[in-house]
Amino acid sequence: MPLTATVISGVQKCVLYETRARYFLVGSNNAQTKHRVLKIDRTEPRDLVIIDDKHVYSQKEVRELLGRLDLGNRTKIGQKGSSGLSRAVSAFGIVGFVRFLEGHYIILITKRRKMADIGGHSIYKIEDTNMIYIPNDSVRVPHPDEARYVRMFQNVDLSSNFYFSYSYDLSHSLQYNVTLLKVPYSPGEVDKLHNSSSKLESFDIFEDEGLPTQVVYGLRNKPYAKYVWNSRLLEKIQDTVHPDWLMYIIHGFCGQSKLLIYGRPVYVTLIARRSSRFAGTRFLKRGANCEGDVANEVETEQIIHDASVMSLTAGSYSSYVQVRGSVPLYWSQDISTMMPKPPIRLDQADPYAHVAALHFDQMLQRFGSPIIILNLVKQKREKRKHEKILSEELYPAVTNLNQFLPPEHCIEYIAWDMARYTKSKLCNVLDRLGLIAENVVKRTGFYINRADFHCHTLRPDERWGDLGGLVTAHGRLQTGVLRTNCVDCLDRTNTAQFMVGKCALAYQLYALGLTDKPKLQFDTDCVRLFEELYEDHGDTLSLQYGGSQLVHRVKTYRKIAPWTQHSKDIMQTLSRYYSNAFSDADRQDAINLFLQVYQPVESKPHLWELPTDFYLHHSNTMALPQERRSYTYWWSEGVLSHLPVPYDEVPCEKNKQKVAVKRVNQYDESTDMYTEFFKPYELTSFDDTFCIAMTNSAREFMPKSVGLDPSPFTVRKPEETGKSVLGNKSNKEETVLQRKTAASAPPPPSEEQISSSSEDDSEEDREDDATASQRSTPIKLAESGDNVRTQEEQQQLPYQPARETYGLNLSALPSEENLLIYHRFAHLGQNQHKLERRDKTTDAPKSLGNTISLLPVSSFNADSIYEVLPPRVDKDSRDMFLQHIEAGQGLIGSLCKEDRLIYREYIKNRYM
């Protein structure tokens, strides 16, 4: 079976040239060896006219073409106005085309920044864009409201958390992308659109010599439209231009950190994809729309891979996916009352759970079964019925849907009042979340692309045998997903997702053979790095939806946050309230305009004149549905027969139609990831590489003192780490106060105590077991027998003890074993010349036995201050040297098969 590889976009750098009548957009690949040209008409005041000849130009041909265009557009001598072809802007890709009330605009990415690397596939963040008006000023028909629409459109800051990649599909998970590469394709399934180009690219001038080229199937997958934010902006050109011009962007979060395990680099990547369906701000988008899309829906994926091997097929990769989203019901909150917590109201009765059925049908198609719901809203004991309304509606809806599903694929529902647990001083929130996380990961499993790991055989653990998911010949697949929600899906949800991700991370590292058991403790370098990544992830998603950063963090629920954190929480609460009350309406209009949910038309009311955007997001409310979905068979056709495997990953005919396949050469630039990543044709500086700039566990978190265990899985004291777990240390008093606060916490519970606690989440059991579950923050500050110094003791010490600075006590005498090693080392230095002079005598073995044995460190047989014998040169090296001498004299020998292959590739890359 031929190899498969993802197609790398052939347009990674763009230059926009301008004449009075045309725009010429010249795009090239990274090496600038292949070019494409788009011609955009500027004489049409309203219509978008784009011509793509779909021809691949060489660098010489492009220069000649631009020279002819410049010569043909020059004005006569003495005539006013611009002349020739002028360079307008340089860019890295096209976001799309948009039109309001006048002509079309083109949006170009003018600045980018690398954020992550997955198997050689670079992920970039948009740093800056340029919005250029296409029609010429002579044909422009001005409209008074055009400028207002432009300002509103630009309120969506494209330089804030929008990401893209030229070779990796960010809209799908790693499991989907790697599984796609393992699907077998026959020559008859090659896409018809690429037949002509594939024949040209596979043309081989050496075919008559019996040296066929290795064929590779290049795959270009159709993105998952739900997580693409510029699909509407590319609609007008996607059928007329080459696919290399189409670049899809996602919105959310992307972060990557390096975990060093005794020098072995492991990349921890976090990617969050925000849904573009029913998107908006906090109080203006709640619940679900009529198509089953929910507000604030974000898919979070954590990817762990061994960075010592780059390839997606040869390397070791693991991923875990979880989802957050609003409660899938018709509900909203009235913000006209100007209350911090507006009352929750149900907008529409849904006795047959129609909208919930549509939502969970989407999840079954994408993730498979089981679907596990973790509902964190308040359950009981509210003075005024608020969050409980959602729980009372969601549970009957899930029960109604489950009665039609097979028992093994039913939707699992877990309700847990996290807010009430937090207020209790007798209970530890993260311990309970850890138990839930353990059960969830065991049910869904995780993805890993290798089947030849023997971690469970070499280091057996009883938890590995209970792990769920689907085991295949290529590794292990995640089947099902955890769906977490609270009211806003921000603070509580992010902490719960962190605990589930921490549990999954332990299993992933264990499966990759990097730990001896699937368990990670708090206050280790690994967990601190992961916690920082998740807090950045939570802050970013909270700013996008709620208008402020997280109010309650993991440290808040661990109850180790410093006293300064409370004032920060108050400021974040005020910022969130201000944003929701005064700026969310403008942000919502900008999102509706950017996603083209609303398209301006002169005969219709303007966007700011609409009393509500309800009808924009509920499209079928304005017309009677032609077909009513079944209330009993509420899933799509074909989904149930393939469970627990997600239907989107099944290699059926319907899914294969979403993939364009073309036959290319093995060394073709469109599939050669080695050349794309390492850029051997380009002079680069090592200090400027991305791997140096990313967060590093050894640099950021590992203690700077000598003598401590460098393992990232060792529990450390807060003062030992390079970055404080309690926050930024502004002064000495705050540092001492943080240490005293942390030192007053009881010791962490053992694993037996955690596993023996009750898993029943009912109110009665929680009250009965309150005294038995008096557990505090699991932070390990000192071993038994060590004393934690107070503030007074710190002030009495004029300097730091040598043990804390160097890792050893200089006042204590060395042990006899260390003294013996030192004496032998000194004896060796004093007698090294004597040993070399008499190494051929009879008593040499006796004298050598009392010292450390010496081993040669070079290729020289004798290498000392007295003599040097050059190494022997083998026959192959001598023959190669003689061939080099003969070639210099003009005597060329016959070429072997490897030489002809190298010369053939040189001819094809240079001239064809």
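Guide: Two strands are said to pair if DSSP finds at least two bridges between them, and in this predicted model that definition applies on both sides of strand S23, which covers residues 481–485. With strand S18 (residues 371–375), S23 pairs in the parallel sense over 5 bridges, and within that pairing Leu374 has Thr484 of S23 as its bridge partner. Strand S15, made up of residues 317–324, also runs parallel to S23 and is joined to it by 3 bridges; here Val323 has Arg483 as its bridge partner in S23.

S23 itself is mostly covered, since 5 of its 5 residues count as buried. In a regular strand the side chains alternate between the two faces of the sheet. In S23, Val481, Arg483 and Asn485 point one way while Leu482 and Thr484 point the other way, and all of them are buried.

Turning to the helix residue, His537 lies in helix H12, which spans residues 525–546. His537 has a relative accessible area of 0% and is therefore buried, as the cut-off for that term is under 20%. Its side chain makes a polar contact with the side chain of Asn494, at 3.2 Å.

Technical notes
Residues numbered from 1 in each chain as written. Predicted model: local features only at pLDDT ≥ 70, side-chain atom pairs only at ≥ 80, totals over all residues. Heavy atoms only, no water. Helix = DSSP H or I, 4+ residues; strand = E, 2+ residues; numbered from the N terminus. Buried < 20%, exposed > 50% of the residue type's maximum accessible area, 1.4 Å probe, protein only. Polar contact = N/O pair within 3.5 Å; in protein donor to acceptor, adjacent residues only side chain to side chain.
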